Amino acid sequence: MNAIVAGHVHSPGRMALQRFAANRAAMTASVLLALIVLACVIGPMLAPWQMDDIDWTMMQVPPGIEAGHWFGTDALGRDLFVRTLEGGRVSLAVGIAATLVSLVIGIAWGAIAGYAGGRVDAVMMRIVDVMYALPFMFFVILLMVFFGRNFLLVFVAIGAVNWLDMARIVRGQTLSIREKEYVLAARALGVHPFTIVLRHVVPNLLGVVVVYAALTVPQVILVESFLGFLGLGVQEPATSWGMLVNEGAREMEFAPWSLLFPAGFLATTLLCLNFVGDGLRDALDPKDE
Amino acid sequence: MPQRISWLVLAFLAVFTGIACAEPQVLRRGNQLEPESLDPHRARGAEAANILRDLYEGLTRAAPDGSIVPGVAERWEVSEDGRRYLFYLRDDARWSNGDPVTAEDFVFGLRRSVAPDTASPYAKSLGVIVNATAVLAGERAPETLGVAALDQRTLEIRLAQPAPYLVAMLAHHSTYPVHRDSVERHGERFTRPGNHVSNGAYALADWQVNTLIRLERNPHYWDADAVRIDTVYYYPISDEEAEFNRFRAGELDVTQTIPVRRFEWLRANMPESLRVAPYLSTYFYGFNLHKPPFRDAPGLRRALELAVDKELIAEKVLGRGELPAYSLTPPGIAGYRSPEPDYATWPMEKRIAEARRLYAAAGYSGDKPLEVEIRYNTGDTHHHVALAIANMWKRHLGVKTRLVHEEWRVFLQNRRQAELTQVFRAGWVGDYNDPHTFLQLMHSASGINDYGYRNEEYDRLLDAAAQETDAKRRMQLMRQAEAVLLEDHAILPLYVYVSKHLVNPRLGGWQDNLLDHHASRDLYFKD
Amino acid sequence: MTRFLLRRLLAAIPTLFALVTLAFFLVRFAPGGPFDDERALPPEIEERLNARYHLDAPLWQQYLHYLGNLLRGDLGPSFQYRDYSVNELIAAGLPASMLIGSLAMLLALALGIATGSIAALNRHRWQDHLVMSLSMTGISVPNYVMAPLLVLLFAVTLDWLPAGGWNDAAPANLLLPVIVLALPQTAYIARMMRASLAEVLSSDYIRTARAKGLGMRAIILRHAMKPALQPIVSWLGPTAAAVLTGSVVVEQIFGIPGVGRFFVQGALNRDYTLVLGIALFYGALIVAFNLIVDLLYAALDPRVRYR
């Protein structure tokens, strides 16, 4: 990322950082996000409970300090504080890992195909088309049904779905960018195509990519929770925000806390991610004021 | 002049219809899943059975309280040795197209049900009929099956061995007659509306896949005057929460189930609609008896059973009126009383003390704990039960338990192969009101004994019961057999399932029953 | 143009072939079979059933058999819904799926483009904040939470709309499912539109146009809209796919007789032919949709040539 930003003419990374730091909403979101991540990492160690401990005397009790269940318990007397944070670990990990996978593959693939054009583009997009027409979500469902629900499988499968989107969007943008005057000029000057892609195409894609990435993390988190709704999410005793929200949604009329806490964390995280994405976009795109 | 007459006629009609038939009664039932088939000999699952009970009538049928009453057969006679049944059919029984229902129709139906080409999932339970097993195996022609029409209205069924549960079994859809003409004319498409001819209180009027099935009253049904609901809708709604919401919004009169965690809320907020009753079924854990640590270790199995607080599971983990189970057979089976193991009346402390003693005697301790795997199919309830049991074993004995859950079909395969399993989830729903439907599971010759249970005494008692013609004596033999099974701790019974519905309080005629059969013909709206 | 179309249609064949092959072997290598049940079938019967459905032949023969039938347009009998063929089941579910799918797409596009443009034209003003926070909600609330919430509000409490059911596609029954299905997509499109229009508006040629004294309205309609819509158009493919998947949840919650509901059931029951048929059907839909997207893309940007 640094190299790319540094490569952007007259726009060193420091300036982008300064612009980002000046954006109050984005900074607040970043801090909040950092706090949530921190809570998910160390929170479970602070609580007196473990994820699967059953408190036989306190089943589905509302939040309370003296009971030691800060977020209440679920129908089986399991502590929701611990479960929410543990679920956050899984959701965040799935979201980030899958997004990274899809970004790296997608940008490389789309930029190369779009810039190279001609036969290379045709073949590369042919491959994307072929994969595209595979209803991937359905394959994810099949994989989950048939081969057990495994954390790794979830994020590989989701990442594999998303890079296609990325590749197409990047390629579409590249198609127009490469017809732009400055690219044509660089090509006329005999600059190596790879350098052109890296110096001119990719930086110009950043706006779209960052917005897209900011949308992808929450999207992945949602996809994971969608699998949870179908009964195909991560395997118990592991849990995720999606699974907890799904359970909570079924109890919202009589045990609202079991929806509110995980949903609050989920929504806040998604919100923050989006603000950070917007902030990054504004900071990275010098054309915008 | 003609105009005036038509006005008169109209006015007369208005008054007349207002008096004679008020609103047509329409019943809307939630039915969870799309039925796999409406062919009574191919169908499987409760969804299809619910609809088939409205469409068809067997020789016998279940009354609203679940007891078996005459259906198409007005009465029947049993021979001395209990192997020959004569059923006398009522002469006013009609198909929905007006054809009479004859003994031939039943012969045709039963032959079709056991014919190997039909591949009926229930064919095996008809194995008591003479030659049924050979027909099923393709060794004999379906015509050799021990059923015969002595005349239009007399049906003879010959059995290979006495089976007092035959009469109850004949209320099951695998023994229904089918309309020969339409089956032969339309082949596999005979279950479509327009082609479908049935002999029950209702006829199939519409079938929109995954949307609804509509039944209209069969005007030719012999007891049509007693039928008060005119139209029945079955909606496949797989999401419990969605079904519940549609009931609440007044779009359903009967639900097939209630949402998992709603029981308390419903009891407080909609008690007039909530119907929960014990169901002819048992939820239990099996031990893999082929392999250590459970092979030849009845003491260990007993320790594990004693350490489970079944009352706590039924009340806290499930909490929907489930009963703790101490036997394979659920309570309430007609003419049968399940044996009660000694510890059932012990207080929990005594059970735990005994469990600890047995656990230690089996060679386990805090330093050398038992490490065991509970395997179950994916599902909230199963997970919670397993979690609770693991928690109890850990607390009382120090057992280290690993929970493994698998998708249903994968689970079934592993359970059958008995290679990976140690402790595993099991359950059984009785097909008819008789202990035999449960106890045959554990017979060493049973095709579905995934437990590896083999006890000659048990087999001998069951076999003797199968030959016994005296009903009382037969029940005694089965009770002895079950006592042997429980003594061996071959399984760990956990609880008795409940049937749970939401029923429109305006709907009359609903009676809770063990079989969870609620035919629409017995229901009506009070006004 | 016609040649382009023809070529793309021909090119769809290997795509669908790859799809069938992948799906076929994936479902067939799954553990468990269609006739497994707690009450195991007697072996004789299972044999018969396997023979009837050609499951007793070697796998490659079954594969060829399936392909052969496929060429004749026959997707085979359903293993689970024994009274129907897969063709009939898909045909029965098609109208409902297509109807709510296309309505949701249209709604999402119309709402998304409109609100996204408003936000872009009023950046950092209250309109922008309103649109963005609404779209944030749309993205942050999973549809399986949104659906029961709406049902609880509009069907159970207010009693304005039915809680579910199809009722021959009555508008009242369509409203909630279409909204739930469209909501997240609307949010995505609005965000995309906002980003893309803002970018176009700040580009050199728009500045030039503005410097020339052209009116804002004319600039937007004549110069900015077309390029701004490009990312939206490339987003249409994924949107269509998302709507299709989303409809699995929506169909289940609202009891809509679409194709999606069969898929999960089919997979759980190892209904090989049904799962394959639906996967293939969705594949064909997505292929068709991508073709439309490409045509649109070319129409919006004349520099992108049909190749």
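Guide: Let us begin with chain A, whose secondary structure comes to eleven helices and zero strands; helices are DSSP runs of H or I with at least four residues, strands are E runs with at least two, and both are numbered from the N terminus. From the N terminus on, the order of elements in chain A reads α-α-α-α-α-α-α-α-α-α-α. Please keep in mind that this is a predicted model, in which local features need pLDDT of at least 70 and side-chain atom pairs count only at pLDDT 80 or more, while totals for chains, interfaces and linings use all residues. Residues are numbered from 1 along each chain as its sequence is written, and chains are lettered from A and ligands numbered from 1 in the order in which they are written.

Of the 289 residues in chain A, 56% are buried. Here a residue is buried if 20 or more other C-beta atoms lie within 10 Å of its own, exposed if 12 or fewer do, and partly exposed in between, with C-beta atoms placed from the backbone. Among the contacts in chain A with a separation of 6 or more, 68% join residues 24 or more positions apart; two residues are in contact if their C-beta atoms, placed from the backbone, lie within 7 Å.

Helix H4 (residues 80-116) of chain A and helix H10 (residues 241-251) of chain A have axes that come within 7 Å and cross at roughly 130°. Such axes are lines fitted to C-alpha atoms, for helices over the stretch in contact, and the angles run from 0 to 180 degrees between N-to-C directions. H4(A) is therefore oblique to H10(A), given that angles under 35 degrees count as roughly parallel, over 145 as roughly antiparallel, 65 to 115 as roughly perpendicular and the rest as oblique. H4(A) brings Arg83(A), Thr84(A), Gly87(A), Gly88(A) and Ser91(A) to this contact, and H10(A) brings Trp241(A), Gly242(A), Met243(A) and Leu244(A). By class, the residues of this contact are three nonpolar, five polar and one charged. In this scheme Ala, Val, Leu, Ile, Met, Phe, Trp, Tyr, Cys and Pro count as nonpolar, Asp, Glu, Lys and Arg as charged, and the others, Gly among them, as polar.

Now for the partner of chain A. Chain C gives 48 residues to the contact between them and chain A gives 42. On chain C, at least two residues each come from helix H1 (2-29), helix H5 (126-140), H6, helix H7 (171-201), helix H9 (216-254), helix H10 (260-268) and helix H11 (272-300). H9(C) supplies the largest share, nine residues. This side of chain C has 33 nonpolar, ten polar and five charged residues.

Chain C also holds two backbone details. In the loop between H6 and H7 of chain C, Asp159(C) has a phi near 60°, a positive value in a residue other than glycine. Asp159(C) is exposed, because 11 other C-beta atoms lie within 10 Å. Arg270(C), in the loop between H10 and H11 of chain C, has a positive phi of about 55° although it is not a glycine. Arg270(C), however, counts as buried, with 23 C-beta neighbours inside 10 Å.

Helix H6 (residues 143-157) of chain C leads on to chain B, packing with helix H7 (residues 240-248) of chain B at an angle of about 10°, the axes 10 Å apart. H7(B) is therefore roughly parallel to H6(C). Glu241(B), Asn245(B) and Arg248(B) of H7(B) meet Pro148(C), Val151(C), Ala155(C) and Val156(C) of H6(C). Four nonpolar, one polar and two charged residues make up this contact.

Within chain B, the domain assignment gives domain 1 (2-235 + 503-525) and domain 2 (279-499); domain bounds come from an automatic or database domain assignment. The C-alpha centres of these two domains of chain B lie 36 Å apart, and 13 residues of domain 1 are in contact with 15 residues of domain 2.

A last stop in chain B is helix H2 (residues 46-55), where eight of its ten residues are buried, among them Ile51(B) and Leu52(B). The buried residues of H2(B) pack against strand S8 (202-208), strand S9 (212-217) and strand S10 (231-235) of chain B. Gly200(B), in the loop between helix H6 (180-186) and S8 of chain B, has contacts that include Asp54(B) and Leu55(B).

Terms used
Lists of a residue's contacts leave out its neighbours within four places in sequence.
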